[in-house]
Amino acid sequence: MSAAAYDQKPEHVSISPLLQKLAYPNQELPVDTADIASAFALIFEDRLSAIQTAALLTLLHSTGKDRDAEVIAKCSHRMREAALQVDEATLKQVIKSRGKNEGNYRGGLCDIVGTGGDSHSTFNISTTASIIASPFLMMAKHGNRAQTSFSGSADVLNAVSPVSPNISAVSAQNIHQVYAETNYAFLFAPNFHPGMMYANPVRRGLGLRTIFNLMGPLANPVDWALEARVVGVAYQSLGPVFAEALRQTGCRKTMVVCGEEDMDEISCAGKTNCWKLSEYPNPAYTGPTDDDASGNEEEETPRTLVKLETFQLHPSDFGLPTHPLSAVYGRKMPKDNAAKLMSILRNELSPDDPILTFVLMNVASLLVTSGICEAETSNMGAGDNGQVITERGPGGGRWKEGVRRARWAVESGAALHSFEKFIEISNRLK
């Protein structure tokens with residue numbers, strides 16, 4: 001079908017008034033963020049023409065509206081609404097039966113993800129970190145094929161040998177079956193966001209970064225079940241924007257990170273800027289204190305409040321040495337990165353290997369954010385000496401304890417077992 005014929009589809013809706021407001025700003029007729037979000041809802045329903053979709057994405061980029069916290073939050077909300085919906089009651093029941101309360105972690109789902117686009121082409125850090133964290137946390141790793149790199153999270157998992165996980169089989173209908181047997185699940189974005197097929201040709205045709213690159217980390221299809229997450233952003237000015245967008249979506253345990261080199265990971269080469277959202281008791285709350293009491297978010301007086309802290313982290317805060325980014329260069333094909341991922345999980349690398357230490361820091365950041373490192377005792381199993389590291393670093397986090405736990409997950413084989421279980425289950429799904 002030609003572009004002209006496509007744009008004549010009778011079910012298409014015109015957003016020309018919104019485009020006019022974006023193209024010719026007028027203080028007397030400001031652009032309503034809700035109108036922008038509504039336009040995105042039309043994209044996911046295939047009710048917006050390719051031409052108007054391209055105009056919307058381009059104007060949002062040129063006006064800077066695509067870097068506005070409220071715009072990102074509301075458009076991401078519409079993207080999650082358009083996703084294939086998971087049965088909340090069933091999944092909540094599975095999470096409750098399997099999730100392990102420890103420290104300040106209540107057993108909910110967690111994610112670690114980056115916006116991409118930082119041009120550093122490092123190894124698949126967040127994907128590997130999500131697997132290593134899974135012996136402790138219920139992981140819901142949301143990811144896709146490469147958009148701005150050589151090897152995206154889906155690409156590297158599909159290249160795992162000798163048997164790769166069948167990520168295309170995990171769906172909204174069967175995700176609870178995965179969590180019934182393992183703590184790890186990879187949520188392949190196309191399986192949950194079918195509406196994106198209408199935006200993808202336009203994104204490819206434009207050839208520039210759009211708001212969709214920023215919406216992805218906030219579009220986890222089980223967002224309502226996420227207890228904690230770490231989000232990496234590709235440049236410093238996005239840090240406070242993302243922290244605010246996450247706060248607006250209701251996140252209560254989140255850390256946004258950006259390496260000083262403008263990298264969407266905790267940097268192994270030097271300092272990382274952090275924006276951390278955490279909850280604390282509301283002194284005005286007088287209701288029930290039982291963790292299972294319902295309605296925390298709906299209560300007139302919330303049980304907890306959320307605060308934002310900003311600080312910097314350095315590899316030394318994790319008890320680890322620095323390594324130049326050239327040592328963790330990942331501009332390789334997916335099969336190469338998959339081989340490295342499996343070497344890490346099989347504990348085949350030396351303890352001070354640059355890529356391993358890079359991964360361990362990022363695992364530790366999620367473990368600290370989840371609250372599990374606040375536990376005063378340690379009963380992880382064989383190979384655990386039980387000696388919790390209580391030392392606190394920037395932001396009050398037990399970063400070295402996070403590394404201790406991450407090393408145990410690798411050295412004990414617990415992370416490998418969790419991933420192998422996911423491979424087995426995903427290949428059983430229909």
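Predicted model: local features only at pLDDT ≥ 70, side-chain atom pairs only at ≥ 80, totals over all residues.

**Cysteines.** I counted a disulfide wherever two cysteine sulfur atoms lie within 2.5 Å of each other. Cys 268 takes part in no disulfide, since the nearest cysteine sulfur to it, belonging to Cys 258, is 14 Å away. For Cys 274 I asked which cysteine sulfur is closest. That sulfur is in Cys 258, at 9.6 Å, which is too far for a bond. Cys 274 is also buried, and its relative accessible area is 1%.

**Salt bridges.** My search of the whole structure returned 23 salt bridges, and I followed up some of them individually. Side chains of opposite charge can pair when their charged atoms come close.

I began with Glu 391 and Lys 400, which form a salt bridge whose closest N and O atoms are 3.1 Å apart. I noted Glu 391 as partly exposed, with a relative accessible area of 44%, and Lys 400 as partly exposed too, with 25%.

Next I turned to Glu 401 and Arg 404, whose side chains meet in a salt bridge at 2.8 Å, N to O. How many residues apart are Glu 401 and Arg 404 in helix α16? They are three residues apart in this helix, which covers residues 399-411, and so are separated by about one helical turn. An α-helix has 3.6 residues a turn, so residues three or four places apart point the same way. Are Glu 401 and Arg 404 buried or exposed? I recorded both of them as buried. I also found Glu 401 and Arg 404 in a network of salt bridges that links them with Lys 100, Glu 102, Asp 384 and Arg 405.

In helix α17 (residues 414-428) I looked at Lys 421 and Glu 424, which stand three residues apart and are likewise separated by about one helical turn. Their salt bridge has its closest N and O atoms 3.7 Å apart. Lys 421 counts as partly exposed at 22% relative accessibility, and Glu 424 counts as partly exposed at 39%.

**Helix α7.** I checked how well this helix, residues 125-133, is covered, and found that nine of its nine residues are buried. Among them are Ile 125, Thr 128, Ser 130 and Ala 133.

**Asn 220.** I located this residue in the loop between α12 (211-215) and β4 (226-232), where Asn 220 is buried at a relative accessible area of 1%. Its side chain reaches the backbone oxygen of Ala 140 at 3.1 Å. Setting aside residues up to four places away in sequence, I listed Arg 80, Asp 111, Ala 140, His 142, Leu 187 and Leu 226 as the residues that Asn 220 touches.

**Pro 165.** My last entry concerns the loop between α8 (153-158) and α9 (175-179), in which Pro 165 lies. Pro 165 is buried, with a relative accessible area of 2%. Where does Pro 165 make contact, once neighbours within four places in sequence are left aside? I noted contacts with Leu 157, Asn 158, Val 160, Phe 419, Phe 422, Ile 423, Ser 426 and Asn 427. I also compared Pro 165 with Arg 428, which is 263 residues away in sequence but 9.9 Å away in space, C-alpha to C-alpha.

Methods:
Residues numbered from 1 in each chain as written. Heavy atoms only, no water. Buried < 20%, exposed > 50% of the residue type's maximum accessible area, 1.4 Å probe, protein only. Helix = DSSP H or I, 4+ residues; strand = E, 2+ residues; numbered from the N terminus. Salt bridge = Lys/Arg side-chain N within 4 Å of Asp/Glu carboxyl O. Polar contact = N/O pair within 3.5 Å; in protein donor to acceptor, adjacent residues only side chain to side chain. Contact = heavy atoms within 4.5 Å.
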